[in-house]
Amino acid sequence: MLRSRRISQITVYFFLLIGAAFCLLPLFWLIRSSLMTSIQIFEMPPKWIPAPFQFQNYVEALTSIDFFRFFRNTLTITISCLAGALISSSLGAYSYARLSWPGRNIFFSLLLASMMLPSAVTLIPTFIGWRLVDLINTYFPLIMPVWFGSAFDIFLLRQFYSSIPKDLDEAAYVDGAGPWTIFYRIIIPLSKPALIVIGLFSFMNSWNDFMGPLVYLNEESKFTMALGLQMFQSLHSAQWHLLMAASTFVIMPVIIVFFIGQRYFIEGITLTGMKG
Amino acid sequence: MNTPKFIGLDNYTRLFDGTDQYFYNSLAVTFKYVILRVPLGLIFSFIVAFLLNMEFIRGKSIFRTIFYLPVIVPAVASSMIWIWLFSPDLGLFNSFLEALNLPTLNWLYSEETVVPSIVLMSLWGMGSTIIIFLAGLQGVPRSLYEAAIVDGAGAMRKFLHITIPMMTPIIFFNLIMGSIGAFQVFTEALIMTQGGPNNASLFYNYYIYREAFLFGEMGHASAIAWILFMIILIVTAIFFRTSKSWVFYESEV
């Protein structure tokens, strides 16, 4: 009895380890390939560990096109979006959760309905709109929409705010506080975990966004890392060692942010069921 | 691009009467992808979450982190990694197949294997689904299992008669979200295959992008996009309809 339980436990671990290997192997292969010489990478059968470690690949990849500029561009967009997501969505959510105004419920239904539209449907009219105001090839189309609030973030925060007891607001109102004071003295401090989740997902979304920059930016000096990587691929298609070094450089910032904010990520996904 | 001119329903008739030769092709390719990816993704994620939820497993949070890690990799970068893994001459996968004395595959470069290859790649990024399943499994009340043990139920019966029914709302949620996501696959097609070979991976979103931004056919592309919206709406509606017969909500008992 004990023995058969042992065997079944080992089997479960075995399958989990296979799954984990499936998740880690591509990342290992990426880093391993990024550190090999172009000759070593073509050896058959493939070697697992590079010898010697060719750190030169990173220098070569990052200087062949201006990845540091792409890094700065991506950072500019990401931070502007992050600020927008936090400020606009929390204000909007506060309004839906706590203030009463005519038509609030209708607007809230409209907001929810707007989440149903696939981005492919809105992409073309939005693009034509930005072209009419002559803002193609600027960061406005990538940043401004976030400053008008994201439906999903507003929805999530509203649910969170609704769980904060109303007594707190009422006590503050009695003490003469206005809605603004209540917002930043009571609601914001109590919803920090939710705001962190939204901040992290906003960071990931704009850092990893590809369709947006692809459609709106057409001048190389304005490219983001994701676009830069695609351009790099077209320039160095068969130079796998350089391509892998460049890809590693693009992935590293998100991996670092992920490990710092890990706990909140897992909570966030469980909370929202959202795709990262 | 030209100034817009009102042409009534022309953009739609051009799609349905076959003047645009790619429309039905793109629909077929996309449905093939969705039909492969959604069930495989659900089964794979459910199995991983179920194993991970077993009581004796140590290092749960490490496993969880590992399974989630691929999700945060930018799609452009993961596409780069997977083109490299799929490379017919030098890729890791073909080296494995060779080492096992199996015939090698052309992966992304053959019409038969391109969609399954991209499905395989999508299984790599199932971390969110796994974590949602795991959270659901942790929420199944232990008292139910204990009662079943008292009644003499074995592992299989507990799984079939407690775990699965209690998880149906979450399976349903992941089914809906997974299908909506799968219909909108894009970056993989753009980076890895450009819709090829011979349009065998002309996924719907890439088709829209190609018509609008590479061919400058904004009106035509908008018509194609609206049809995607209708399809997603209909598929979701069908799922909701059928859900009454298989999704079990505790609050309704």
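Because the model is predicted, local features need pLDDT of at least 70 and side-chain atom pairs count only at pLDDT 80 or more, whereas totals for chains, interfaces and linings use all residues. Residues are numbered from 1 along each chain as its sequence is written, and chains are lettered from A in the order in which they are written.

Chain A is divided into domain 1 (2–58) and domain 2 (66–235), with bounds taken from an automatic or database domain assignment, and the C-alpha centres of these two domains lie 38 Å apart.

To the contact between the chains, in which two residues count if their C-beta atoms, placed from the backbone, lie within 7 Å, chain A contributes 49 residues and chain B 52 residues. On the side of chain A, α1(A) gives the most, with 14 residues; helices here are DSSP runs (H or I, at least four residues) numbered from the N terminus. By class, this side has 37 nonpolar, 11 polar and one charged residues, where Ala, Val, Leu, Ile, Met, Phe, Trp, Tyr, Cys and Pro count as nonpolar, Asp, Glu, Lys and Arg as charged, and the others, Gly among them, as polar.

Within chain A, L168(A), D169(A) and A172(A) of α8(A) meet T181(A), I182(A) and I186(A) of α9(A), and the residues of this contact divide into four nonpolar, one polar and one charged.

Conventions: Helices (H or I, at least four residues) and strands (E, at least two) are DSSP runs, numbered from the N terminus.
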